[in-house]
Amino acid sequence: MSFPKEFLWGGATAANQCEGGWNVDGKGASTSDHLTGGTHTSPRRFTKVIEPNTYYPSHEAVDMYGHYKEDIKLFAEMGFKIYRMSINWTRIYPIGDEAEPNQKGVQYYREIFEELKKYNIEPLVTISHYEMPYGLTEKYNGWADRRVIDFYLNYCKTIFTEYKDLVKYWLTFNEINISLHSFGGYMGLGIMPKEDGPMMLFGKKETREEANIRFQALHHQFVASAKAVKLGHEINPNFMIGCMIAGSAAYPYSCNPNDVIEAQHRMQQANFLCGDVQVRGAYPHFAKRLFEEYGVELKMEPTDEQTLLEGKVDFYSFSYYMSGCASTDPELTKSAGNMMMGVSNPYLKASDWGWQIDPQGLRYYLNEIYGRYQVPLMVVENGLGANDVITEDGKIHDDYRIDYLREHIKQMDEAIKDGVDLIGYTMWGCIDLVSASTGEMKKRYGFIYVDKDNDGNGTMNRMKKDSFDWYKKVIDTNGNNLD
């Protein structure tokens with residue numbers, strides 16, 4: 001294997017999916033706290049008001065708020081070099097527009113970072129991971145209002161200053177590119193839905209006005225990200241601040257030129273639009289036509305273009321779960337994906353949740369992205385959601401997860417041999433957590449099992465799966481022993 005000696009092996013979580021403690025020690029309600037539980041077949045619902053006797057998974061999640069020392073100790077036992085986590089914005093600024101932070105929240109994360117430091121684990125911190133203060137959604141319609149940029153920067157200034165000697169690696173927004181799709185309006189941008197109902201409506205028809213609001217809100221996030229990068233480097237020049245993209249590898253379904261062009265458009269829109277703004281510091285050439293097709297007219301301040309140019313990220317990070325095929329044939333069957341839809345690939349198998357498994361697609365994606373940007377890359381989400389079962393011997397034999405991860409790690413090695421500067425890998429959901437898309441616990445990713453079910457019942461006890469010891473061996477040998 002060709003992994004560099006300093007390669008950052010680890011795992012990833014998100015506060016709203018694992019932390020819990022949603023209303024304790026001064027924490028305010030976040031946008032994710034207004035999403036009910038769901039399943040693969042029954043979508044999560046958004047509710048403007050928290051309903052009594054309704055299950056909201058983020059309220060307790062897997063209670064890492066009360067178990068973080070136990071959990072970090074298990075990460076250290078596996079040999080983690082890095083741990084990707086997020087800060088709950090509302091634990092620092094409960095409403096979002098306050099002048100002063102919630103000190104109990106500031107102290108909580110300080111204790112987490114000190115615990116990680118005790119085990120020589122480097123934190124990789126996502127500043128906003130599918131959550132923002134619900135107060136900003138109610139009062140300002142989320143990122144649709146340009147004033148939210150300053151509230152975000154106030155939050156960034158607080159955490160950059162408080163943790164400047166404890167955290168080196170930062171990500172400004174999680175999977176920022178989901179907001180290119182209508183279903184990202186609430187989840188990614190905090191735009192208030194018109195009414196209570198399903199969280200994500202794939203293929204929902206937007207009005208021209210709704211599309212304008214969404215793209216304008218995304219532009220505000222781009223400006224905020226760029227300003228945060230500049231601010232972070234002023235506070236600590238050693239900070240490494242990256243973007244985070246939902247990686248979408250698109251293949252033409254056939255050699256029909258229409259399919260090839262469609263695949264090219266998918267790669268451009270899904271990956272390169274946000275990547276270009278954050279890594280190159282400017283909107284790409286194809287953005288003009290895309291905006292015209294949506295009927296979008298962006299309102300830009302005179303300084304915005306310079307701000308984007310001055311706030312380029314230091315590295316590009318992304319999630320990768322699957323690939324998809326692009327076709328202009330409307331009759332072809334669609335496959336479910338990580339917030340994305342694509343045509344099913346007849347050459348690939350799929351997970352229990354319909355996500356097609358394509359390790360070689362990771363190598364393809366790494367080469368495409370590195371060839372375009374020439375900055376260090378990190379795979380910060382990758383994993384297999386499965387229905388893990390405790391067998392008669394009291395254990396969880398998740399060979400299917402080991403197989404999935406092994407094949408993806410092999411392809412990362414191939415990409416490094418291809419010349420890609422890959423510096424880290426954080427497997428998603430290193431401990432079982434709430435699924436962002438479905439709100440269920442049954443869809444488990446972790447090396448560590450958490451005793452909790454889809455309805456919120458369970459002891460919260462932690463238990464190692466077979467994959468725990470396997471990943472420990474992988475890290476210990478720097479990827480040389482994948483057996």
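Met460 counts as buried, because its relative accessibility is 9% and the cut-off for burial is under 20%. In this predicted model, Met460 is placed in the loop between β15 (448-450) and β16 (462-464). Its phi is positive, at about 70°, although Met460 is not a glycine.

Asp25 is likewise a non-glycine residue with a positive phi, here of about 55°. The loop that holds Asp25 runs between α1 (15-18) and β2 (45-46). With a relative accessibility of 35%, Asp25 counts as partly exposed.

## Gln216 in helix α8

Helix α8, which covers residues 208-235, contains Gln216. This residue is counted as buried at 10% relative accessibility.

Leaving aside residues up to four places away in sequence, Gln216 touches Glu297, Leu298 and Lys299. With Lys299 there is a polar pairing: a polar atom of the Gln216 side chain lies 2.7 Å from the backbone nitrogen of Lys299.

## Ile241 in strand β7

Ile241 belongs to strand β7 (residues 240-246) and is buried, its relative accessible area being 0%. When residues up to four places away in sequence are not counted, the residues touched by Ile241 include Phe160, Trp170 and Thr172, as well as Ala228, Val229, Gly232 and His233. Val313, Asp314 and Phe315 are also among the residues that Ile241 touches.

## Overall fold and dimensions

The protein chain comprises 14 helices and 16 strands. Its radius of gyration is 21 Å, close to the 23 Å given by the globule rule for 483 residues, so the chain is as compact as a globular protein of that length. Taken along the principal axes, the box filled by the C-alpha atoms is roughly 60 × 55 × 45 Å.

Of the contacts in the protein chain with a separation of 6 or more, 75% are between residues 24 or more positions apart. Buried residues account for 60% of the 483 residues.

## Surface and charge

The accessible surface of the protein chain is about 19,100 Å², and carbon and sulfur atoms contribute 48% of that area. The side chains include 51 positive and 67 negative ones, and the centres of these two sets lie 2 Å apart.

Notes:
Residues numbered from 1 in each chain as written. Predicted model: local features only at pLDDT ≥ 70, side-chain atom pairs only at ≥ 80, totals over all residues. Heavy atoms only, no water. Helix = DSSP H or I, 4+ residues; strand = E, 2+ residues; numbered from the N terminus. Rg over C-alpha atoms; globule rule 2.2 N^0.38 Å. Buried < 20%, exposed > 50% of the residue type's maximum accessible area, 1.4 Å probe, protein only. Contact = heavy atoms within 4.5 Å. Areas by Shrake-Rupley, 256 points an atom, 1.4 Å probe, with all protein chains shown as cover. Lys, Arg positive; Asp, Glu negative; His and termini not counted. Charge placed at Lys NZ, Arg CZ, Asp CG, Glu CD. Polar contact = N/O pair within 3.5 Å; in protein donor to acceptor, adjacent residues only side chain to side chain.
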